[in-house]
Amino acid sequence: MSTLQKSEKTARRVLYLDYLIMYRLNSWIPKGGIGFFTVIFIAGYALVWVCIYTFIKIKTERLNRKMRHISE
């Protein structure tokens, strides 16, 4: 596993724990609701990254088409 992959994994854990701790301290999550929170967190995290990936992929494809057109 590369250093970048390790740091991304650590960042995900820190983000999750930060939200979990803050929500628990403010009593926004009941004690039995941590599993539900985890599922919602993972779904939201995945949705955000799918949106980012899609946006970047579209922009990259457009840029590649322009570059191919210029090099012809």
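Author: Let us start with Ile56, which is partly exposed at a relative accessible area of 45%; here buried means under 20% relative accessible area, exposed over 50%, and partly exposed in between, with a 1.4 Å probe and protein chains only. Please keep in mind that this is a predicted model, in which local features need pLDDT of at least 70 and side-chain atom pairs count only at pLDDT 80 or more, while totals for chains, interfaces and linings use all residues. Residues are numbered from 1 along each chain as its sequence is written, and side-chain values use heavy atoms, with hydrogens and water left out.

Ile56 sits in helix α2, residues 34-71; helices are DSSP runs of H or I with at least four residues, numbered from the N terminus. Together with Val48, Trp49, Ile52 and Phe55, Ile56 forms a nonpolar surface patch with about 490 Å² of accessible area. Such a patch joins nonpolar side chains (Val, Leu, Ile, Met, Phe, Trp, Tyr) within 5 Å, from residues with over 30% relative accessible area and no salt bridge, a salt bridge being a side-chain nitrogen of Lys or Arg within 4 Å of a carboxyl oxygen of Asp or Glu. The areas come from the Shrake-Rupley method with a 1.4 Å probe, and for residues only the protein chains shown count as cover. An α-helix has 3.6 residues a turn, so residues three or four places apart point the same way.

Phe55, another member of the patch, also belongs to α2 and is exposed, with a relative accessible area of 51%. Its C-alpha is 27 Å from that of Phe37, 18 residues away along the chain.

Phe37 brings us to the largest nonpolar core, whose 5 residues are Tyr16, Leu20, Ile29, Phe37 and Phe41. At least two residues of this core come from each of α1 and α2. A nonpolar core is a set of buried Ala, Val, Leu, Ile, Met, Phe, Trp, Tyr and Cys residues joined through side-chain atoms within 4.5 Å. Setting aside neighbours within four places in sequence, Tyr16 touches Ile34, Phe37, Thr38 and Phe41, where contact means heavy atoms within 4.5 Å.

Back in α2 we find Ala43, partly exposed at 45% relative accessibility.

Finally, the loop between α1 and α2 holds Ser27, which is exposed at 59% relative accessibility. Although Ser27 is not a glycine, its phi is positive, at about 60°. Most residues other than glycine have a negative phi.

Methods:
Patches are made of residues with over 30% relative accessible area and no salt bridge: like charges are joined within 9 Å, nonpolar side chains (Val, Leu, Ile, Met, Phe, Trp, Tyr) within 5 Å.
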